[in-house]
Amino acid sequence: MDYFDIFVSILGSAIRLSIPLLFTALAGLFSERAGIFDIGLEGKMLASAFAAACVAYWTGNAWLGLLGGIGISIVFSLMHGFASITNRGNQIVSGVALNFVAAGLTIVLGQAWFRQGGRTGQVPPEGRFSSIILPGADMMRDVPIIGPLYANVISGNNILTYIAFLMVPISWWVLYRTRFGLRLRAVGENPGAVDTAGISVAWMRYRALIVAGFLCGFAGTYLSIAQSAAFINNMSAGKGYIALAALIFAKWKPVPVMLACLLFGFLDAFANFMQGKSLPLIGEVPVQIFQALPYILTCVLLAGFIGTARPPKAGGVPYTKER
Amino acid sequence: MSLDSPKEPAIELVGIDKKFGTVHANKNINLTVAKGSIHGIIGENGAGKSTLMSILYGFYQADHGEIRISGKPVTIRDSQAAIAAGIGMVHQHFMLVENFTVLENVMLGAEGGQLLAKGVASARKELKRLEDDYGLEVDPDSVIEELPVGSQQRVEILKALYRGAEILILDEPTGVLTPPEADHLFKVLRVLRDQGKTIILITHKLREIMAITDTVSVMRRGEMVATRKTAETTVEELAELMVGRRVLLRVEKGAANPGAVLMSVRNLTVRDSRGVTMVDNVSFDVRAGEIVGIAGVAGNGQSELLEAIAGIRKPSAGEIFIDGKPVAGVDPAGLRELGLAHIPEDRHHMGLVLKFEEYENSILGYHRDAKYGRGPFLDLDAMRRDAEEKIGKYDIRPPNPRLRTANFSGGNQQKIVVAREIERDPKMLIIGQPTRGVDIGAIEFIHKRIIEMRDAGKAVLLVSVELDEIRSLSDRILVMFAGKIVGEKSSEAGEQTLGLMMAGIAA
Ligand SMILES: Nc1ncnc2c1ncn2[C@@H]1O[C@H](COP(=O)(O)OP(=O)(O)OP(=O)(O)O)[C@@H](O)[C@H]1O
Ligand SMILES: [Mg+2]
């Protein structure tokens with residue numbers, strides 16, 4: 001295999017690995033731009049992966065599975081909102097609690113329903129999102145450079161992948177071109193300004209969380225019934241946190257979020273590729289280094305080496321009128 | 001209609017009552033504001049002015065009482081209802097999204113449809129019209145955080161007018177403005193009134209009340225105690241109504257008796273975080289027993305000068321001596337030990353931890369003192385006793401050392417800081433804006449304390465953007481312009497002369 005083939009195969013797997021990050025980071029984009037820290041993304045993703053797998057297993061319908069994943073994710077979002085918006089609880093505590101609930105509940109329910117040590121049953125093929133071969137992929141395969149890229153990177157992904165990339169311009173458009181987006185960004189910067197403009201701060205933030213739940217539902221669904229064919233214990237494996245890191249790395253902006261997710265996905269794919277291989281001169285690089293890179297990069301960014309990340313000003317602070 | 005017959009009322013408040021826990025902020029308030037007039041509301045700190053206005057704007061709910069707009073009873077459950085009733089408010093602390101443009105801020109909540117594109121064009125047109133009609137000029141595409149405060153305030157007014165406000169409430173609008181900005185604001189307000197808008201203006205500056213209002217109401221301790229036609233009252237009467245006793249509007253002080261130099265600044269240069277030179281090669285001395293005032297329009301380097309002397313900001317060149325000793329690199333705690341006390345300009349940022357209880361703030365910075373603790377432990381009883389003493393002496397209201405500092409009104413927060421620094425009996429005192437947002441009774445008191453400090457042989461350095469304050473307190477006045485000291489005058493110098501120097505025109 002020559003270097004180009006290796007590159008194409010890493011790129012293909014980078015795309016696949018970045019999709020759950022992308023959905024989740026876009027979800028976080030909506031909640032955090034509205035001033036709600038969303039550390040519970042991890043839990044939402046896990047819960048929706050489980051729900052999607054269960055529904056798809058029982059119904060044999062992938063779209064119903066997706067609906068289940070989205071539904072649960074929104075329910076989790078609403079719980080987060082109830083704790084941190086309605087009752088003005090600490091957003092980090094509430095988010096971490098949701099992560100625990102998701103981790104525990106998926107195991108307990110999975111064991112009770114399927115008795116496979118936390119796995120759900122194998123989802124039948126029609127209950128999964130399978131790869132779509134784009135027209136002309138086979139014909140193009142022999143065209144140098146473009147051919148393999150088209151056939152292996154652009155084509156051959158499942159529908160959720162295309163939806164993920166479509167969500168990037170849509171998110172941008174919603175945030176910057178609609179009334180909803182203007183109010184959402186305002187409520188994350190200065191909720192007082194939104195309140196005195198006669199808009200309900202709580203309802204705005206709830207709506208942002210619902211959007212976040214919706215997007216995060218896709219991420220979970222992708223994990224269990226697009227990338228694999230069942231739910232496995234702790235399937236999200238920290239991807240929610242990486243997505244959060246990507247969000248910070250992208251300074252809470254939609255297009256950079258996509259680039260950050262692709263970068264982190266690429267690092268992941270590269271780590272997989274490097275497993276057991278050794279680099280010239282350096283020797284074998286522990287795979288953990290690549291896994292830690294997203295976090296390290298984010299820390300470097302936060303330390304101010306790559307410009308400054310200016311988080312939404314009112315982030316993390318419950319809104320009260322009292323002084 | 002004859003001049004004396006009251007015009008149709010725009011607002012009637014009947015029996016408004018509001019309690020915050022044990023604090024009775026508004027007691028059975030009745031107020032009538034005539035349409036097309038400018039109505040001033042004055043009152044001591046914590047009298048309940050902001051609370052009353054927040055009720056009118058739907059930010060708080062009254063416990064009892066009725067609001068009538070143009071004769072019709074209305075329920076104002078939230079700001080949306082207030083906006084619908086034609087009320088707009090410019091808050092004491094601006095309600096602007098700082099990283100949004102002017103246009104986005106104005107449109108927020110009145111976007112004119114689901115998509116922004118539609119509203120933007122009409123908003124631009126409307127802003128242009130408001131600018132032409134009322135002289136409210138701001139560039140719709142500039143970002144709020146890059147605008148000076150005066151322009152930010154214009155955006156707040158534009159926001160209200162854009163929503164079709166007929167009634168405009170301004171809560172201490174001039175507290176943060178430079179004199180020319182304030183003049184501009186008053187010009188705008190007069191135009192608005194002449195076009196039939198009704199304006200409620202809260203301020204502590206009686207001069208402004210006399211200059212611009214038609215009617216003025218006085219609040220004291222939650223009650224509405226008097227309403228007067230401005231033309232038929234005097235500053236003295238208003239001051240007395242506010243405080244309940246006669247007030248000295250200008251402090252009396254004897255001649256200064258300057259002694260040894262206690263503080264000297266030599267060739268000091270200070271740059272801000274962006275590297276811009278804010279203080280440019282400044283030298284002066286302050287002697288024991290004198291008050292040196294630094295006059296200047298806000299933003300000409302006074303803040304940076306104070307911060308450098310207080311040890312908060314590192315000078316890039318020059319030296320500061322205290323008692324003859326160079327103090328470069330000494331931190332604020334070390335400076336305190338040398339007898340330097342600092343009343344910072346901005347109480348929220350530097351003077352107080354708003355989440356702390358009053359008694360904690362009242363010793364903040366001096367918490368290592370033996371009298372407040374034993375070893376690593378704080379002696380809470382001693383702290384509270386000490387706080388109660390200061391509360392009594394400075395008439396801080398409500399007199400409760402266990403109250404969260406955020407729940408005190410602005411003026412009372414300022415008194416907490418002043419009490420803390422002055423009661424330490426320091427050798428040198430540096431003060432920034434000692435009476436910003438403070439009522440006249442408290443101003444009189446704080447001014448007296450500053451003069452007492454001087455008479456007791458302390459060196460006092462005073463920075464204030466209030467020229468009156470500088471002139472009535474200082475023994476010598478240094479004028480700062482563009483980071484340089486452009487001249488020194490005695491306290492007899494006229495307002496005109498100083499004003500020109502502050503504008504950098506004459507020395
Ligand atoms: N949200 C709140 N919670 C508790 N107490 C409050 C609150 N808002 C105001 N108060 C109290 O109500 C009283 C009236 O406060 P208000 O802010 O209306 O005074 P003010 O007349 O505007 O004073 P200032 O001139 O200092 O701004 C004060 O004693 C204040 O401590
Ligand atoms: Mg007030």
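Okay, let's start with one pair of residues: in chain B, Ala341(B) sits opposite Leu429(B), and that leucine belongs to strand E19(B). Keep in mind that this is a predicted model.

So what's going on around that pair? Strand E19 covers residues 428-432 of chain B, and E16(B) pairs with it in the parallel sense, over four bridges. If sheets are new to you: strands pair through backbone hydrogen bonds, and they can do that either parallel or antiparallel. Now zoom out a bit. E16 and E19 are part of an open sheet of six strands in chain B, and the order across it is E16-E19-E20-E13-E21-E22, with mixed pairing. Which strands stand at the edges? They're E16 (340-343) and E22 (484-490) of chain B; each has a single partner strand, so one side of each has no neighbour in the sheet. On average, neighbouring strands here are turned by 20 degrees against each other, if you ignore direction.

Chain B has another open sheet to show you. Six strands again, in the order E6-E7-E8-E3-E9-E10, and the pairing is mixed. At the edges of this one you'll find E6 (87-90) and E10 (223-229) of chain B, each with just a single partner strand, so one side of each is left without a neighbour in the sheet. The twist from one strand to the next averages 20 degrees.

Let's look inside that sheet. Strand E3 (residues 38-43) and strand E9 (residues 215-220) of chain B run parallel, joined by five bridges. You can find Ile41(B) opposite Ser217(B), which is in E9(B). There are helices on this sheet too. Helix H8 of chain B, residues 235-243, packs on it and touches E3, E9 and E10 of chain B, and its direction makes about 30 degrees with that of E9(B). Then there's helix H5 of chain B, residues 149-162, lying across E6 and strand E7 (167-171) of chain B, and running at about 170 degrees to E6(B).

When two helices pack, we describe them by the angle between their axes and the distance between the axes. Take helix H2 (residues 41-59) and helix H4 (residues 91-114) of chain A: the angle is about 20 degrees, and the axes are 7 Å apart. That's under 35 degrees, so we call H2(A) and H4(A) roughly parallel to each other. The crossing of H2(A) past H4(A) is left-handed. Who's touching whom? On the H2(A) side we have, among them, Leu46(A), Phe50(A) and Trp58(A), and they meet a set in H4(A) including Leu98(A), Leu109(A) and Trp113(A). Sort the residues of that contact and you get 13 nonpolar, four polar and one charged.

Now compare helix H11 (residues 239-249) and helix H12 (residues 254-274) of chain A, which pack at about 130 degrees with their axes 8 Å apart. That makes H11(A) and H12(A) oblique to each other, and their crossing is right-handed. The contact includes Ile242(A) and Phe249(A) of H11(A), plus Val257(A) and Phe264(A) of H12(A). This contact divides into ten nonpolar residues, no polar and no charged.

Last stop: where the chains meet. How many residues of each chain are in contact? It's 29 of chain B with 24 of chain A. Together they bury about 2400 Å², 55% of it on carbon and sulfur atoms. Phe59(B), Leu108(B) and Leu116(B) supply 22% of the area chain B buries against chain A, more than any other three residues.

Technical notes:
Residues are numbered from 1 along each chain as its sequence is written. Chains are lettered from A and ligands numbered from 1 in the order in which they are written. This is a predicted model: local features need pLDDT of at least 70, side-chain atom pairs count only at pLDDT 80 or more; totals for chains, interfaces and linings use all residues. Side-chain values use heavy atoms; hydrogens and water are left out. Axes are lines fitted to C-alpha atoms, for helices over the stretch in contact, and angles run from 0 to 180 degrees between N-to-C directions. Helices (H or I, at least four residues) and strands (E, at least two) are DSSP runs, numbered from the N terminus. Angles under 35 degrees count as roughly parallel, over 145 as roughly antiparallel, 65 to 115 as roughly perpendicular and the rest as oblique. A crossing is left-handed if the near helix is turned anticlockwise from the far one by less than a right angle, and right-handed if clockwise. Contact means heavy atoms within 4.5 Å. Ala, Val, Leu, Ile, Met, Phe, Trp, Tyr, Cys and Pro count as nonpolar, Asp, Glu, Lys and Arg as charged, and the others, Gly among them, as polar. Two strands pair if DSSP finds at least two bridges between them. Buried area is the accessible area (1.4 Å probe) that two parts lose on being put together, summed over both.
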